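Here is a friendly walk through one protein model, from its sheets to its overall build and its ligand shell. Have the structure open as you read.

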Amino acid sequence: MTDDPKSDLPALSFNSNIAALPKYNAGLTLAAARAVSRRHDIARLASNENPYGCSPEVARVLASGALEIGRYSDPGCEVLRAELAMRLDVSAAEIVIGNGSEEMIAAAARSFLTSGAVALTVAPCFGLHEIEALAVGARVVKVPMTDALGFDVTALAAALATKPSLVFLPSPWNPVGAALDALQLGELVRALSPATMFVLDEAYREFVPPEIPDGIRFLRAARVPHIVLRTFSKAYGLAGLRVGYAVCSDSRIARMLFAAKTPFNVNAAAQLAAVAALQDEAWMRAAVRRITAERDRVRNELVARGVTVAPSAANFVFFDAGLNGSVLARALLKDGIVVKPWLEAGYTQFVRASIGTPEENDRLIESVERLVGAPALVEAALVDGP
Ligand SMILES: Cc1ncc(COP(=O)(O)O)c(C=O)c1O
């Protein structure tokens, strides 16, 4: 067996776009982290999850008898869409629910990109913004971040002027942390051609400071065709249930995304849980307050130790490890801390760490203080495995 499926199964007609896809850089599972580190107390800071779990209302609803495991789920997610429509002040016909917002990234690529089309995004990029575009045969153009670790709005506007078929912009930006302010968003909207589908990925929307505009309201007022993506995986703490959504500028765009997904894509437990989570907004807000306070503390502590850390409007920090990020990540794993080293060309000295509980964050700060800028210590940490 080799990594190239075509060499082992030459008679099959492989889709060459899929065969050539880069691997998604997923965080280590708990079991793998324990096996490799030989520690039990793992700080899971690789996947930007909510360290406090989710609202107790979710567990209550799932145990209440409302969940009909033997029945297919509602393919239209009617209850959840109605709840969201009311809260977001949009029509339910403009909302499509996905098996995670990642499914809506794939649906947007399938709906608005064809083979040879150009998809624009940023570098470093959220893996799926590139992978899903490549999967449909598009060419991906990336605009790098500035030296100040932010959006290069001028370069993005220039790239938008070339009329790509679609743009995936994360705000807040995974992995960097920056969020687009009203001036920046305005400049991008002005550069946008009617031929470009603008996809604003607001997976981390709940963590932004108050001056960052709400993408749904901003883009509606700007009257450009767009899709805004949001998720229950981060602030609402439902990552394991897989539920996110797209809010489209137009019900015809929503119908495209609906057609591009599988029919029973959102399972019944996820639909019930998302509605329950929405109804306990207070729990989410309280968790977000704790996480954002910790985010600012973690960044300040790391900066005070001489680490270059990007400003963050999300629930993670992106920092320069001063050495290969994968090497630092392996050394951190020895301390029972899982982070995400960035593997994209040009950014391999960076590491992204999610904000955990205060105790987990203290462990991260202590370990980074010991290891960053001390390559000899990192090497020593790695000599006797893992
Ligand atoms: C920017 C961004 N978009 C989308 C997703 C996908 O989230 P989910 O599929 O869990 O909703 C993530 C997850 O990390 C993300 O960071």
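Let's begin with an open sheet of three strands, ordered 9-12-11 with antiparallel pairing; strands here are DSSP runs of E with at least two residues, helices are runs of H or I with at least four, both numbered from the N terminus, and two strands pair if DSSP finds at least two bridges between them. The edges belong to strand 9 (316-320) and strand 11 (340-341), each with a single partner strand, so one side of each has no neighbour in the sheet. This is a predicted model, in which local features need pLDDT of at least 70, side-chain atom pairs count only at pLDDT 80 or more, and totals for chains, interfaces and linings use all residues. Residue numbers start from 1 along each chain as its sequence is written.

- Five bridges link strand 9 to strand 12 (residues 350-354) in the antiparallel sense, and F318 stands opposite R352 in strand 12.
- S354 lies in strand 12 and counts as buried, because it has 28 C-beta neighbours inside 10 Å (buried means 20 or more other C-beta atoms within 10 Å, exposed 12 or fewer, partly exposed in between, with C-beta atoms placed from the backbone).
- Beyond its neighbours within four places in sequence, S354 is in contact with L45, A46, S47, N48, E49, N315 and F316 (contact means C-beta atoms, placed from the backbone, within 7 Å).

**A parallel pair**
- Strand 3 (residues 118-123) and strand 4 (residues 139-144) run parallel and are joined by six bridges, with A119 opposite V140 in strand 4.
- Together with helix 7 (residues 127-135), strands 3 and 4 make a right-handed β-α-β unit (right-handed: with the strands pointing away from the viewer, the path from the first strand over the helix to the second runs clockwise).

**Overall build**
- The protein has 16 helices and 12 strands.
- Its radius of gyration, 21 Å, is close to the 21 Å that the globule rule gives for 386 residues, so the protein is as compact as a globular protein of that length (the radius is taken over C-alpha atoms, and the rule is 2.2 Å times the number of residues to the power 0.38).
- Of the 386 residues, 48% count as buried.
- The C-alpha trace spans about 60 × 55 × 50 Å along its principal axes.

**Around the ligand**
- The ligand has 13 residues around it, of which G100, E102, T231, S233 and G244 come nearest (near means a C-beta atom, placed from the backbone, within 6 Å).

Technical notes: Two residues are in contact if their C-beta atoms, placed from the backbone, lie within 7 Å.
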